[in-house]
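Here is a short tour to read alongside the model. Please keep the sequence and the structure open as you go.

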Amino acid sequence: MKISILGAGNMGGAIFNHLYQRREFELALIDPNIDKIWKSLGKSSKLETPLLFRDLLQYTQNLKQQKTILVLAIKPKQLSPLHEEIKVSKNLSFDNFVIVSVVAGISLSTLRKIFKTKNIIRAMPNTPVTVGQGMTGLYFPKNISSKNKDNVLKIFELLGKTLIVNSEKKLHSITALSGSGPAYFFNFYEALLSTGKELGLSKKEILLLVKQTAIGATAMFCEAKEPINILRENVTSKGGTTETALETLNKYEFTEGVLQAVLNAKERSINLGLELNYEIQENTQK
Ligand SMILES: NC(=O)c1ccc[n+]([C@@H]2O[C@H](COP(=O)([O-])OP(=O)(O)OC[C@H]3O[C@@H](n4cnc5c(N)ncnc54)[C@H](OP(=O)(O)O)[C@@H]3O)[C@@H](O)[C@H]2O)c1
């Protein structure tokens, strides 16, 4: 399978690293800082350099007319300059490509205007893809063949778990829950870590306690047959320490705060999407 990645930053670089380790794909990376990035990825310079390209034009000039999956992993604001690049290279056609966009908020309708093809899939991964524990939401429009669907699924299954949704709009919910989700957990862990001084524990001690508790609680959550409220109730004896702690969280409206945070993130995703798509579609008409 031929897979090319346009944009070798955090997300594109992480996807590349996992695919590269499998040694079963024909990979290409396209990024203006490709030499620096290649060094920072710690790759051997003995590798065939035609794999690496500075821009789309250089890449397409070297491309044989074979079916290729192109993972689009640039920032939303970088799409307008990319559109300019495409417009300049008039002979460039994306007919042989299956484009997988991980660009948050940019709709299929906008992407179709830029690439002039309907062979486009949207994916919403999260940062744990870097450690092979990602969660990726995917939307496949009806025109995508089952072979292309299987190939794209295979990529993201190597990076963690996948969820296929039946409507593009649901990607906003995925963005709010699993896309931003790692930051919610990090924020909670940060709060726990910050209690060290008051508890009279060293940084090293508290780090061990918080990390292992996070791993243990997550393992129980993932493996237990009981629902999560039972797991919580099992740790909470009447009049005990956990009950006191949970009552305090309740006093600060912890659950309502989390719910509102996720709903606000979804609304922000919708609004950002509207702004970005409007801006890019305006530019594509020029
Ligand atoms: N990070 C996440 O958690 C996450 C989660 C889900 C989805 N995403 C999506 O993933 C996309 C990438 O995010 P990121 O955090 O990986 O961004 P990033 O680290 O800034 O990576 C983007 C890379 O693309 C390069 N680039 C820009 N224009 C290009 C072009 N025309 N051709 C080739 N390469 C180009 C950039 O180079 P320069 O720096 O020189 O511009 C940069 O190296 C975003 O759209 C984001 O919405 C990210």
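T284 is buried, with a relative accessible area of 17%; buried means under 20%, exposed over 50% and partly exposed in between, using a 1.4 Å probe and protein chains only. This is a predicted model, in which local features need pLDDT of at least 70 and side-chain atom pairs count only at pLDDT 80 or more, while totals for chains, interfaces and linings use all residues. Residues are numbered from 1 along each chain as its sequence is written, and side-chain values use heavy atoms, leaving out hydrogens and water.

**Around T284**

- T284 sits in helix 13; helices (H or I, at least four residues) and strands (E, at least two) are DSSP runs numbered from the N terminus.
- Leaving aside neighbours within four places in sequence, T284 is in contact with H83, K113 and I114, where contact means heavy atoms within 4.5 Å.
- The C-alpha atoms of T284 and L272 are separated by 18 Å, with the two residues 12 apart along the chain.

**Helix 5 against helix 13**

- The axes of helix 5 (residues 108–115) and helix 13 (residues 254–285) come within 10 Å and cross at roughly 25°; axes are lines fitted to C-alpha atoms, for helices over the stretch in contact, and angles run from 0 to 180 degrees between N-to-C directions.
- From helix 5, S109, T110, K113 and I114 make the contact, meeting N277, I280, Q281 and T284 of helix 13.

**S107, in the loop**

- S107 belongs to the loop between strand 5 and helix 5, and S107 is buried, with a relative accessible area of 17%.
- Apart from neighbours within four places in sequence, S107 is in contact with R122, E168, N277 and Q281.

**Nonpolar cores**

- The largest nonpolar core has 34 residues, and I15, V152 and F156 have the most contacts inside it; such a core is a set of buried Ala, Val, Leu, Ile, Met, Phe, Trp, Tyr and Cys residues joined through side-chain atoms within 4.5 Å.
- Elements supplying at least two residues each to this core include strand 1 (2–6), strand 2 (26–30) and helix 6 (146–157).
- Helix 1 provides the largest share of this core, six residues.
- F156 touches I15, V100, V102, A123, T136, L138 and T162, not counting residues up to four places away in sequence.
- A second, separate core of 31 residues includes L6, L70, L92 and Y139.
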